[in-house]
Amino acid sequence: MTTKAFQGTFHGEPVIWLQAGRYEAAVLPEVGANLIAFRDTENQYNFLREPGAEEMEAFKARPVVHGIPVLFPPNRYEDGKFPWNGKVYQLPVNEAKTGNHLHGFVHYIPWQVEKFSSDETESRVTLALQVREGHSVHAFLPFEFTIRLTYTLSALGLQQQVSVHNEGKEAMPCLLAFHTTLNTPFASNSAASDYTFQMTIGERWHLNERMLPTGDFQALSADEEKMKVGGLSPFFESMDNHYTTLPQNNRSFMALTDSRNGVKLIYDIGTSYKQWMIYNNGAQEGWFCPEPQINLVNAPNVNLPANQIGLASLAPGEIWEESSRLYAIPAGQ
């Protein structure tokens with residue numbers, strides 16, 4: 001099997017390309033370490049939504065609904081308020097229609113490429129974001145930490161390993177998500193109507209008019225119950241929904257099936273992500289986002305037990321870490 005890891009470009013942007021057999025992937029260090037492409041070149045499957053050359057400027061201005069953006073802290077915070085250990089940090093209100101802060105600070109800024117390499121079986125790249133005093137993120141979340149992200153490509157697909165290391169002298173919040181944006185269809189010869197999905201959801205959080213959790217759950221519809229077993233279109237209705245995860249067979253995952261080609265894309269997120277967001281752009285066919293999150297939306301402002309809502313804390317020196325994987329298998333398996 002041929003494997004490579006090398007510097008190149010993606011529509012003019014610096015990129016690290018990974019290749020391993022029929023798979024290839026690309027990550028953009030200068031745009032939030034976004035994994036912008038994951039492809040099966042033999043079968044012409046483009047699993048992630050990629051911007052075209054003419055879309056690059058718009059993408060860089062809002063790099064959220066292409067590839068796999070890193071959100072830290074993820075999703076919405078009421079009035080931009082982020083209470084933590086007796087202090088309240090003010091995040092910028094950047095979503096005018098809700099009056100909230102949205103999606104954090106790391107998905108649009110440069111990350112450092114620490115290393116990239118390949119061997120006989122895989123190719124890999126490691127990127128890091130080191131936050132210290134004077135860093136743009138530190139201005140809003142004044143903690144010292146490093147987020148490190150490693151992508152490994154092999155015959156087993158794409159592995160993603162992420163860690164957050166508290167390198168400061170006080171406890172820090174660890175709230176993180178990935179706004180993973182999947183092409184639907186991902187096959188060049190298929191239509192969106194050929195696709196169904198399964199997702200390990202548990203309960204649905206009730207969101208108010210500002211898209212913030214009330215702390216209560218709302219009943220799942222009959223269609224949402226089908227999400228747990230599969231066979232439901234990703235565009236069955238407009239979704240900007242928030243759910244708990246409920247592992248099946250000790251796994252939390254999303255599976256997207258192409259019935260025309262008889263192939264299933266599996267997104268195994270690991271079990272540290274206790275919440276899902278799912279967004280499908282108003283049920284417009286073409287792409288949708290199954291988003292694994294550590295925490296409940298607006299968690300620091302929600303009066304529920306920290307363990308229930310994923311309001312994670314890292315003591316000085318502690319590391320949080322999780323691995324996820326994207327891979328394709330025959331649909332019958």
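What you are looking at is a predicted model, in which local features need pLDDT of at least 70 and side-chain atom pairs count only at pLDDT 80 or more, while totals for chains, interfaces and linings use all residues. Residues are numbered from 1 along each chain as its sequence is written, and side-chain values use heavy atoms, with hydrogens and water left out.

Let's start with an open sheet of five strands, ordered β1-β2-β3-β4-β5 and paired antiparallel. Its edges are β1 (3-10) and β5 (45-46), each of which pairs on one side only. A word on terms: strands (E, at least two residues) and helices (H or I, at least four) are DSSP runs, numbered from the N terminus, and two strands pair if DSSP finds at least two bridges between them. Inside this sheet, β3 (residues 23-28) and β4 (residues 34-40) run antiparallel over six bridges. Look for glutamate 24, which sits opposite arginine 39 in β4.

Now for the charged side chains. The whole structure has 17 salt bridges, each one a side-chain nitrogen of Lys or Arg within 4 Å of a carboxyl oxygen of Asp or Glu. One of them brings glutamate 13 and lysine 60 together at 2.8 Å, N to O. That pair connects distant parts of the chain, with glutamate 13 in strand β2 (residues 13-20) and lysine 60 in helix α1 (residues 56-61), 47 residues apart. Lysine 60 also meets glutamate 57 in a salt bridge, at 3.2 Å, N to O; both lie in helix α1, three residues apart, about one turn of the helix.

How covered are these residues? Glutamate 13 is buried at 13% relative accessibility, lysine 60 is partly exposed at 29%, and glutamate 57 is exposed at 58%. The cut-offs are under 20% relative accessible area for buried, over 50% for exposed, and partly exposed in between (1.4 Å probe, protein chains only).

Another salt bridge joins glutamate 167 and arginine 132, whose closest N and O atoms are 2.9 Å apart. Glutamate 167 is in the loop between β14 and β15 (172-173) and arginine 132 in the loop between β12 and β13, so the pair ties together parts that are 35 residues apart in sequence.

Next, find β12 (residues 122-131), where eight of the ten residues are buried. A hairpin of three residues joins β11 to β12, and six bridges hold β11 (residues 112-118) antiparallel to β12. Phenylalanine 116 has valine 125 in β12 as its bridge partner. β12 also pairs antiparallel with β13 (residues 145-154), through ten bridges, and there glutamate 122 stands opposite serine 154.

On a 1 Å grid over the protein atoms alone, a cavity is a set of points where a 1.4 Å probe fits but cannot get out; a pocket is an open set with protein on both sides within 12 Å along at least five of seven lines, and lining residues have an atom within 4 Å of a point. The largest pocket has a volume of about 390 Å³. Of its 20 lining residues, Arg62, Val64, Glu95, Leu102 and His103 are the closest to its centre. The largest cavity has a volume of about 50 Å³, and its lining includes Ile68, Tyr151 and Arg325. Both β14 (157-166) and β27 (319-330) supply at least two residues of that lining.

Key: Points joined across faces, edges and corners; volume = space filled by probe spheres on them.
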